[in-house]
Amino acid sequence: MEFQHQPVLFRETLDALQIRPEGYYIDGTAGGGGHSEAILQRLSTGKLLSIDQDPDAIAAVTKRLSPYPGSVIRQGNFSQMAEFAASCGFPPVDGILLDIGVSSHQLDMPERGFSYHHDAPLDMRMSQDGVSARELVNRLSWQELAQIIHRYGEEKYARQIAQGIVRAREKGPVETTGQLAEIVKSSVPAAVRREAGHPARRTFQALRMEVNRELERLSETLDTAFDLLRPGGRLAVITFHSLEDRMVKQRMQAWCSGCTCPPDFPVCVCGKKPLAQLVYKKGLAPSKEEQEQNPRCRSARLRVCEKCEGPSE
């Protein structure tokens, strides 16, 4: 199956990056290469570094972007972008794009073990390397599982689900997505099972985020990305989860904050100036038309900031 990923907020993201033909850019989540190719089409002498940790994505973008001389591709986590940019001889860059979350390809390939809609080996590793979801659900205590499910899934019944997983694995290891989905379904109240949507959605999301250390990697990457920007450069981040969006929002607000003197001070004595300015104060959500065409994009949010020209004092 060919790697497919439908870029979300496609036009809005490209507009926000204000691509210059001679500029240098980084796509930290290349996926199927949709955003990367659109950026490369706008470059003349400029270059684009496309990064992805998924070997399937790397194979897809390598083929798709081969006609473009300004394309540079690296396999790894986007938290490694400073290392990759240095090895490619990149100067401070004009723009960086991060499209956070699981791709359509990963969800739609049963053997990748991300989806509760198919019965497949329980995996969820974006890099196809490291600790899998199967190892977590069969090794961790119910308290550890409950903490993960509550923290990353914001699941009301995390305790019951975690205890249900531990009870089930006493009879044998939990090996597949289908098994886990049924365990979750049987662990929540009947009223929850009657609600719209699968009751395992939040649990699967939480385990995926833990397996791939998504919040930790995102936190590291935001600071790295901002440091790589030239003055006037822009960072654009698309999130699909409230925890990720909150982190991006708070980090950008911190960069955009200036004076920290108490409000009753007549003049500023701290001398602190903003490091960045927001391009969209509240971020952008997909249009109604885009949501109808791609229901998976309903929770998406695009936030963009521009690095200030002058150094902070």
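Two residues are in contact here when they have heavy atoms within 4.5 Å of each other. Keep that in mind as we walk through this predicted model, where local features need pLDDT of at least 70, side-chain atom pairs count only at pLDDT 80 or more, and totals for chains, interfaces and linings use all residues. Residues are numbered from 1 along each chain as its sequence is written, and side-chain values use heavy atoms, with hydrogens and water left out.

Let's start with Leu-49. Beyond its neighbours within four places in sequence, Leu-49 is in contact with residues including Tyr-25, Ile-26, Val-72, Met-81, Phe-84 and Phe-90. Leu-49 also belongs to the largest nonpolar core, which has 63 residues. Such a core is a set of buried Ala, Val, Leu, Ile, Met, Phe, Trp, Tyr and Cys residues joined through side-chain atoms within 4.5 Å; buried means under 20% relative accessible area, exposed over 50%, and partly exposed in between (1.4 Å probe, protein chains only). Among the members that touch the most others are Leu-49, Ile-26, Met-81 and Leu-222. Helix 12 (residues 214–228) gives the most to this core, with 6 residues; helices are DSSP runs of H or I with at least four residues, strands are E runs of at least two, and both are numbered from the N terminus. A second, separate core of 23 residues includes Leu-14 and Ala-236.

Now step back to the whole protein chain. Its secondary structure comes to 14 helices and 7 strands, and buried residues make up 51% of its 313 residues. Along its principal axes, the C-alpha trace spans about 60 × 60 × 40 Å.

Finally, look at Phe-265, in the loop between helix 13 (242–256) and strand 6 (276–278). Phe-265 is partly exposed, at 39% relative accessible area.
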